[in-house]
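This report looks at the surroundings of two ligands and asks which parts of the protein make them up. The model and its sequence come first, and the description follows.

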Amino acid sequence: MTRSSLLVERFHQVTSAHGGRTCATDSAGSASFGDIAAAAHRLARALLTMAPHQSRVALFAPASREWVQGFWGVTLAGHLSVPLVELHPAAEHARSLAAARVELLLVSRELMPRAEEAVAALARLEPALAPPRVLELEPLFASEAAGADATLALHPPSGDTPAVLFFTSGTTGAPKGAVVSHDQLAALAALVAGAWRVEASDRLLHCLPLHHTHGLSIAFLVCFLNGASQHFLRRFSGEAVWQELGASTLFMGVPTMHKRLLDAFDTQPADSRARWREAARGLRLVTSGSAALPETVAWRWHALTDQLPLERFGMTEVGVALSNPLDGERRVGSCGRVLPGMQVRIVDEAGREVAPGEPGEIWIRGPSVFTGYDGDRNATDAAFTDGWFRSGDTATWLDEGYVKILGRTSVDIIKSGGYKLSALEIEEALRRHAEVDEVAVVGVPDSDWGETAVAVFVGRGPIEANALREFLKQEVAPYKIPRRFVQVDELPKNALGKVTKHALRRLL
Ligand code: MLC
Ligand code: AMP
């Protein structure tokens, strides 16, 4: 028999040990661990009264105390959380609701009009699908919700219960739903907190989106489950981060954020620079992940604070596999060494370990590796070999066990500002435009975003880039919209008629 959830066990330990201490703050106020626990229990009981069995619950709230309470309410009820974000247009929300077969949609009051648009878009997309029941979040925390059974006992779910479904871009067009269980999240939080010594004395400045592993598992859960407090910024802004940094001990970001912070710093007058420098120097730890940290950015942080950011390598399906050490050598240009508790191989095409200095694909095994792609057994089976998750990243061993990431093996995966984009998903969206005949999306290097997506297309007539941009705004998340559109007479193809993306990339 599977034991009960370590995630829920840890939640109870932390909320009782730190009940009166601040857990989460946002621009509107503050909540203690005790406040969060009380609200989450009320929500869980209301949810279980409405949906007694493992249900799929989408959470649509800004990064805030309410989001934290909503997440734990769904988790304590043993339901599966499907985190949605404000950034996405109704059409993308509708596709997520349909793909995840969401039964309940929990919405913060202010986002209710957006949720209604999403449900209307869902009805157009899949008229035969039963729409989710839409519930306003706030009344469910405030008191026992109407009809909820206040005496309902909350039994901890088992450790293998699915906890979160993350949509992640793949090489097959539509995003896949990666499902992570209670114990996998608990394992990730324990491994990372151990390596970075995250403790109750820490305060994280949280400005990452909560629909991905970095913001939800690596930042939010690692801190929450270790009694650290966190301040939520609704969205990243260099100015707002600098203002809050002085009261924080931890900052976790993607390389684009680090670069923007340094660029903002450089434009300040001397007195602000002095204050900001002091704030940055007061941080215990700055981490970077989700994309390669440019060496220039790492050294600029060092010049400012005498500390290098701690770079680590993670993945939705994996958690964190490699990390530079907290105390030892933080090596610029490397993601560090295998995180204790995880296993990593770098292999050639035949699955044989490569020698140090040789390139190969990273394969990963460990307690935080995900359960599988939702409802897609074939894709899940195809992602593993002998229990090892094949990452799709090319890397090489440096000396002393350090690893360097060299890039993605697939030309169809683009990493822009830390978001993973599928070229095929963007191409499919563009093909829905009546005037687009053929299209190929490729990633090109960019000093701010790491990489950006460029759409090269053949039109049925001349098409303005702005028309395509406006069209895509209704279809996909804004960060998936290519930053450049190039109209051509024809796309380069091989003898089989397939677009040669490597050749195309060289032309841009
Ligand atoms: C925003 N835009 C982007 C973009 N982010 N375009 C391409 N790539 C991106 N990443 C668009 C905006 O919609 C806007 O379009 C224009 O660019 C300028 O926006 P901005 O206001 O300057 O950007 P901002 O909204 O501030 O976003 C920048 C950012 C954001 C860096 C804060 O991209 C971000 O939050 N990135 C983090 C992604 C993340 O958390 N990844 C983790 C995945 S998990 P317009 O049309 O309005 O001009 C993972 C595992 C692991 O990878 O190891 O961590
Ligand atoms: P995601 O699928 O959005 O979780 O993104 C995971 C991917 O981000 C990995 O497969 C890598 O391609 C990339 N990534 C994460 N951390 C790093 C890093 N430190 N350096 C280079 N690439 C990274």
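## The shell around ligand 2

By class, the shell around ligand 2 holds six nonpolar, four polar and six charged residues, where Ala, Val, Leu, Ile, Met, Phe, Trp, Tyr, Cys and Pro count as nonpolar, Asp, Glu, Lys and Arg as charged, and the others, Gly among them, as polar. This is a predicted model, in which local features need pLDDT of at least 70 and side-chain atom pairs count only at pLDDT 80 or more, whereas totals for chains, interfaces and linings use all residues. Residues are numbered from 1 along each chain as its sequence is written, chains are lettered from A and ligands numbered from 1 in the order in which they are written, and side-chain values use heavy atoms, with hydrogens and water left out.

Ligand 2 is surrounded by 16 residues, of which R312, T316, D393, R408 and K420 are the closest; a residue is near a molecule if one of its heavy atoms lies within 4 Å of it. Strand β13 gives the largest share of this shell, five residues, and β13 and β21 (403–408) each supply at least two, with helices (H or I, at least four residues) and strands (E, at least two) taken as DSSP runs numbered from the N terminus.

## Polar contacts and cover of ligand 2

Among the polar contacts (pairs of N or O atoms within 3.5 Å), a polar side-chain atom of D393 lies 2.4 Å from an oxygen atom of ligand 2, and one of T316 lies 2.6 Å from an oxygen atom of ligand 2. On E311, a polar side-chain atom is 3.0 Å from a nitrogen atom of ligand 2. The protein covers 93% of the 500 Å² of accessible area that ligand 2 has on its own, as computed by the Shrake-Rupley method with a 1.4 Å probe.

## Ligand 1 between two domains

Because domain 2 (204–408) and domain 3 (413–507) both give residues to the shell around ligand 1, this ligand lies between them; the domain bounds come from an automatic or database domain assignment. Of the 23 residues around ligand 1, S290, R312, K415, S416 and R483 come nearest, and α10 (255–266), β13 (310–315) and β22 (413–416) each supply at least two residues of the shell.

An N or O atom in the side chain of K415 is 2.8 Å from an oxygen atom of ligand 1, while a backbone N or O atom of G417 lies 3.0 Å from a nitrogen atom of that ligand. The protein covers 79% of the 1,000 Å² of accessible area that ligand 1 has on its own.

Methods. Polar contact = N/O pair within 3.5 Å; in protein donor to acceptor, adjacent residues only side chain to side chain.
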